[in-house]
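Could you walk me through this structure, starting from the overall fold and ending at the details of its aromatic side chains? I would like the cut-offs spelled out along the way.

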Amino acid sequence: MSRWVLVLALWWTAAAEDARRAQRAEVARVDAIKGALAEPCWATARNNERRLCASLDEVLEADAGGELGTVGVVVAWCADDFHWVGDVLRMVAANWPRGANITEWTRLVVYQKCVVHRNERGKLVAGEGNLHGGQGRALDFDVTGPNLTLAPSDVRAACRATVGANQPVVSNAVEALDIRVVHMIEPGRARRASTDEAGAVLHYLAESYDDLNDATFFAHGHVHGELGPFMHTLRYARLRRTVPAAFAATTRYKALRDTANAWVRDVLNVSETDFGKKRGGAYRNGEFIIPRLVAHKRTRAFYQAALGSIVHDARCQAAAALRENGGALPPPFERYLDDLTGCDLRLYRGNRGGHLIEGWWPQLFCEACFTPSRRDDPRIPYD
């Protein structure tokens, strides 16, 4: 081994040890905040046979320590542009040391949720039947994957178009992103057959459970919450080599979300006592930042079960809608309902787990029954 290779190896080892110490210090900071915030709302399984939520200390000891100080973004996409990518990177670059590369945001995962087609004028359109009065929305970038599906290169090209002139730091960040696309294409809300952003979140947590960034920002394709918390998380990661060890909503709204139904009790295996608790908090619209340690308070099997249930719910809702209104699902969904069983169609006149779950995310991630706003949450080191 050459001298320089040895020096580099020692440097990497020291950096990893520093990051691990920072992670432990962050958990100690959050652990020191006592009171109701430390008590998960949905922590006990039915019949009180076991705990459903591990503690931060437990998941810290089991954590492999990979990807410390990095943040990923997962979006549920349907016909959205990617202008927000350039917006957030320019905002970050303006707050970084001049000329310093943005290395903390490392991954962008796009879940394609709707069909893309060419209209009679040859324009690419996505979201037909669901968006803009059923007409869908014309795309301002090309789609080159098989059967008009998004490819990572399409997403990168769309992000490049948002960089702007004379922005080398922003351009470098776009080129460095690990861009992945997952095709989770569904008939859509117009046919009551969509898992919405819940499907993307649960699929990602189930499939990438052992490959999560230090924190993940889950958002809609158009990111209609605030970008500030994402930028603050990146800054924290740069300065501390770790991320805040707490769930963070990306809106300031403090809305009551007491919409739990039997799905929570039966599928998530929540005890009757926990199921009956009143809840509320600062959360809206399926956008939030979740650290890996917090995500790991639940098991992979937990996320897999929740995903399987909302996928089944979406299919049952589609079957119920067809039974009520007649007709058939359009291409390419002719076989969407094949082998579907176990639907009590009397239950599927309204939204079920996959839709209502947007009111449950804090508790699903082992938060307290009442989640405070960012301004009032002492665990979150920014407003």
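A word on conventions comes before the tour. This is a predicted model, in which local features need pLDDT of at least 70 and side-chain atom pairs count only at pLDDT 80 or more, while totals for chains, interfaces and linings use all residues. Residues are numbered from 1 along each chain as its sequence is written, and side-chain values use heavy atoms, with hydrogens and water left out.

Let's begin with the whole protein. It contains 13 helices and 11 strands, where helices (H or I, at least four residues) and strands (E, at least two) are DSSP runs numbered from the N terminus. Of its 383 residues, 54% count as buried, meaning under 20% relative accessible area with a 1.4 Å probe and protein chains only; exposed is over 50%, and partly exposed lies in between. Taking contacts (heavy atoms within 4.5 Å) between residues at least 6 apart in sequence, 79% join residues at least 24 apart.

Next come the sheets. Six strands form an open sheet in the order β6-β2-β1-β7-β10-β8, with mixed pairing; two strands pair if DSSP finds at least two bridges between them. Its edge strands, each pairing on one side only, are β6 (178-183) and β8. Within this sheet, β7 (residues 215-220) and β10 run antiparallel and are joined by 4 bridges, and F217 has I289 in β10 as its bridge partner. Helix α7 lies across β1 (71-77), β2 (105-112), β7, β8 and β10, at about 155° to β1. That angle is between N-to-C directions, on a scale from 0 to 180 degrees, with axes fitted to C-alpha atoms and, for helices, over the stretch in contact.

An open sheet of 3 strands has antiparallel pairing and the order β3-β4-β5. There, 2 bridges link β4 (residues 124-126) to β5, and V125 is partnered by A138. The loop that runs between β5 (137-138) and α4 (152-160) holds T149. At 11% relative accessibility, T149 counts as buried. Leaving aside residues up to four places away in sequence, T149 touches Q112, V143, T144, D154, H183 and I185.

Now for the aromatic side chains. The structure holds 16 aromatic pairs; rings of Phe, Tyr and Trp (its six-membered ring) pair if their centres lie within 6.5 Å, and planes under 30 degrees apart count as stacked, over 60 as edge-to-face and the rest as tilted. F247 and F365 make a tilted pair, because their ring centres are 6.2 Å apart and their planes are at 35°. F247 is in the loop between α7 (228-240) and β8 (248-249) and F365 in the loop between α13 (361-364) and β11 (370-371), so this pair ties together parts that are 118 residues apart in sequence. F365 is buried, with a relative accessible area of 0%. The rings of F288 and F365 have centres 5.5 Å apart and planes at 65°, so this pair is edge-to-face. F288 lies in strand β10 (residues 288-291), so its pair with F365 ties together parts 77 residues apart in sequence.

The charged end of R298 sits over the ring of F302, 4.5 Å from its centre; the criterion is NZ of Lys or CZ of Arg within 6 Å of the ring centre and within 35 degrees of the ring normal.
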